[in-house]
Amino acid sequence: MADETNPQSQHQIQIQIDAAHASGVYSNLMMISHRKEEFILDFLFVPPQQPSAGQSAALRSRVITTPEHAKRIVRALQENIQRYEASFGVISEATDLPRNVH
């Protein structure tokens, strides 16, 4: 998320991670909710073999952040998607999962 044109963003942060978190978690669905003070990002996993009538999603991770940081996340994702598509081609949006709006 570093902006090379802004000298203030040249700070480097050393990231420490334990073995339990190093592999990350897989998510194929995300739900977003918000209130004035915060955004809540719920990263979920919906198993592909479940029948759609009995579908359930397992919460894999919840991130709670400020509106200001949520906006920086969106900008960083947009920039990285542009770079990815420039290298690998256009990403098609998934259409097989439910779209929940909160």
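Helices (H or I, at least four residues) and strands (E, at least two) are DSSP runs, numbered from the N terminus. This is a predicted model, in which local features need pLDDT of at least 70, side-chain atom pairs count only at pLDDT 80 or more, and totals for chains, interfaces and linings use all residues. Residues are numbered from 1 along each chain as its sequence is written, and side-chain values use heavy atoms, with hydrogens and water left out.

**View 1. The whole protein, from end to end.** Starting at the N terminus, the elements follow the order α-β-β-β-α, giving 2 helices and 3 strands. Of the 102 residues, 10% are buried (under 20% relative accessible area; exposed means over 50% and partly exposed in between, with a 1.4 Å probe and protein chains only). The protein exposes about 9000 Å², with carbon and sulfur atoms supplying 54% of it (accessible areas come from the Shrake-Rupley method with a 1.4 Å probe; for residues, only the protein chains shown count as cover).

**View 2. Where β2 meets β3.** Strand β2 (residues 38-45) runs antiparallel to β3 and is joined to it by 7 bridges. Look for Ile 40, whose bridge partner in β3 is Ile 64.

**View 3. Thr 65 and its neighbours.** Thr 65 belongs to strand β3. This residue counts as buried because its relative accessibility is 11%. Leaving aside residues up to four places away in sequence, Thr 65 touches Glu 37, Glu 38, Phe 39, Ala 70 and Ile 73 (contact means heavy atoms within 4.5 Å).

View 4. Leu 77, Ile 81, Tyr 84, Phe 88 and Ile 91 make a nonpolar surface patch of about 530 Å². Tyr 84 sits in helix α2 (residues 67-88) and is partly exposed, with a relative accessible area of 42%. Patch residues have over 30% relative accessible area and no salt bridge; like charges are joined within 9 Å, nonpolar side chains (Val, Leu, Ile, Met, Phe, Trp, Tyr) within 5 Å. A salt bridge is a side-chain nitrogen of Lys or Arg within 4 Å of a carboxyl oxygen of Asp or Glu.

Methods:
Two strands pair if DSSP finds at least two bridges between them.
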